[in-house]
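Let's take a walk through this model together, one chain at a time. Keep the sequence and the coordinates open as you read.

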Amino acid sequence: MQNSLIKQEKKLGYIFSFPIVFLVFIIIGLPSIYTFIISFTNKRIGYSYHFVGVDNYLRIFKDPTYWLVLRNTFIYTVSCIVLKLVLGFAFAMLLNEKFKGRGFVRVSMLVPWAIPGMVAAHTWRWMYNDQYGIINVILKNIGFIDSPILWLSDRNIALISVIIVNIWRGIPFFLFSILGGLQTIDTQLYDAAKVDGANVVKRFLNVTVPSIAPVLTITTLLSTIWTFNDFDNIWLITGGGPLNASSVISTYTYSTAFISNQMGRALAVSISIIPILVILLIIANKMIGSNESDR
Amino acid sequence: MRKFILVLVSLAMGVSLFANGAKEAESQKLVFWDKSEYVQAYNEQSKAHFEEFCEANGIEGEYIIIPPNDLKQKLLASIEAGNPPDIIVTDDFSAKQYAGMGQLLSVDSVTNAIDFTQTGKNIASVQNGNYIVPMCVMAPGFYIRSDKWEEKGLDLPTTWEELFETAKIVNDPENGFYALGYPMGASGGGDAESMCRSIILSFGGVPIDENGNVTINSPETLEALKFIASLYTEGLCPPSAITWDDMGNNTAYTAGSVGVIQNSGSVFSQLKEEYPDLLEKTAITSYPSGPYGTYIPTGGNVFCVFKNGSSNDMALKYVEYFFEKDFYENLLTEMQGMWQPTIDGVTDNDFWKDPANAGWLAASQNGVPNTYPAPVTDLTTLSFSEQLCVKAIQQIVLNGVDPQKALDDLEQSFKDVLGQ
């Protein structure tokens, strides 16, 4: 009797799950399969196409631009994440303390995140302008530079310029996630540590960090995936230029697909990074799982 | 459970039948993706004219303004989705690629009904058929700050060599003034590639010959590439000009920070409207010449009608309606010389009798196609819109690549695009 009830419940579970599984398959599964197939063709939009085997993959792996773009993607992702984490943590610690005007400062810190990405990108682009941009004007007026810095035109600086914008936009996410975590820490833990003779650094390392470790993990992993796939920030500020110096995988894929109309090759580029994203997702999944089992 | 599923399926079928019925009852819709123009009056008048047409014909109209740099991406996505707009206005070199893709509807009915000028026919000409309607010619001019050259006691340059030598004298970067303002960013626009090709041709180089063969790798092209690169390496252009898009030179010239630009009448119309003092200090002449003469790649805006659009007949009818004499003549005047006509009988008025405007009209008749002397096909025009020459110059200036190596790579890029 009990077994048949369990079986019936299982069946009902499958039936109720089917629509969502089907929907996910239609929305994500089918396009993914189609993308995978097209990556083995010479597809250009508006023209007929045929299978070319692994030719697209061989071409991109032989192309120095692909490796430059991949290198840029890693530099962009790692530097943005590290700096957003460090600065976000520092600001969160600061804003966790009581001081006059704390509410106002907290709201102000949300501004970069609240501004639409397009508006922010165009504003930064204007500020970075070597001739009229406010950044160069200020640096020149305080005597820091003699000639303007080519924020968007120098191939050694363009990537740094877009990294700065990503950090500026991304700090609030880290800040408020970590701040939320800090506010859940029981103050008695700090009191106990003090009694045990722990100094500020030890209290930070042994109380604060372990207490908000789950928050740090999730925030960092989510932000890593978003930053790895960031597109609008770079496309709107530098267009990936000059000569792909600030191009990352997402902008390179887009320009190969829609500017050069090489859809097959572009999809091969995007498929080639799936293993990296899958590894990130597996790590994320494991960490979320271990955090939950720790509770 | 079965009953539940039966009811659910019946409901879904009912809803879909109702939706189909509603769709059939919908009125015909004409979708027009217009180019956002530098002169705002164009989009306002174009929209009003389109809406008037739709109302008169009892159809629903959707007018969307799209920046030129975004059009290609949006259009390719819509073609792939099988849902392109009915009509677009775009640059002639982009339109020729869509014609080559087999996406466009023949415009015989329009070209039979309207007598286009030879210049108009030239910018709409494409090897594989009659798919493009020329809307306007946009002849480029050579804008030079005559006051700056006079200040130094210099004559205005008539050759590239003279331009280079006098620019060195006029150049004053310490005070924020650069002699030249040539954009060289691979942003998708046509200004930079057009400028490169005009110099290559006037130095005797030929990117693609009249038989469609890639012939760019020659000593003449090499000299041209070295010359163009020297404009940047010698500091005659603002350092960031190497990444400017097509708006960069307009902005720099109207801000008074550069002395020479090559641009269509867009800057002329803006100077007339907003900077009359600067216009007085500006001379607009023909391009300088090189050892092999002067070449002015000239294009324009064109109409395309997509065969997979939903209202083919209405789209063709609207394109014909656009050239209604009073509207078109008035629109050209509003464009302040930026546009030159593609039909006869609209220049017999005070505006075009003004020598300043008449100069643009004459210039529009002396240009060569952007891909000259190559046959006009989707691939030769793709080689133009891919900005291959621009990228070669960027390699020399930004990466310090040897010019001959950059030229060898450029030749290979041309061959890749043309499948040779």
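Residues are numbered from 1 along each chain as its sequence is written, chains are lettered from A and ligands numbered from 1 in the order in which they are written, and side-chain values use heavy atoms, with hydrogens and water left out.

Let's begin with chain A, which has 15 helices and 0 strands; helices (H or I, at least four residues) and strands (E, at least two) are DSSP runs, numbered from the N terminus. Its C-alpha trace spans about 85 × 75 × 30 Å along the principal axes. The radius of gyration of chain A is 24 Å, whereas a compact globule of 295 residues would have one near 19 Å; this radius is taken over C-alpha atoms, and the globule rule is 2.2 Å times the number of residues to the power 0.38.

In chain A, 39% of the 295 residues count as buried, meaning under 20% relative accessible area (1.4 Å probe, protein chains only). The accessible surface of chain A comes to about 17,000 Å², and 69% of that belongs to carbon and sulfur atoms; such areas come from the Shrake-Rupley method with a 1.4 Å probe. Chain A carries 23 positive and 14 negative side chains, with the centres of the two sets 5 Å apart. Here Lys and Arg count as positive and Asp and Glu as negative, while His and the chain ends are not counted.

Now turn to chain B, which has 20 helices and 8 strands.

Finally, consider confidence. The mean pLDDT (the predictor's confidence in each residue, from 0 to 100) of chain B is 88, and 93% of its residues reach 70 or more. Over residues 20-25 of chain B the pLDDT is below 50. Where pLDDT is low, the predicted coordinates should not be read in detail.

Note on methods: Predicted model: local features only at pLDDT ≥ 70, side-chain atom pairs only at ≥ 80, totals over all residues. Buried < 20%, exposed > 50% of the residue type's maximum accessible area, 1.4 Å probe, protein only. Charge placed at Lys NZ, Arg CZ, Asp CG, Glu CD. Contact = heavy atoms within 4.5 Å.
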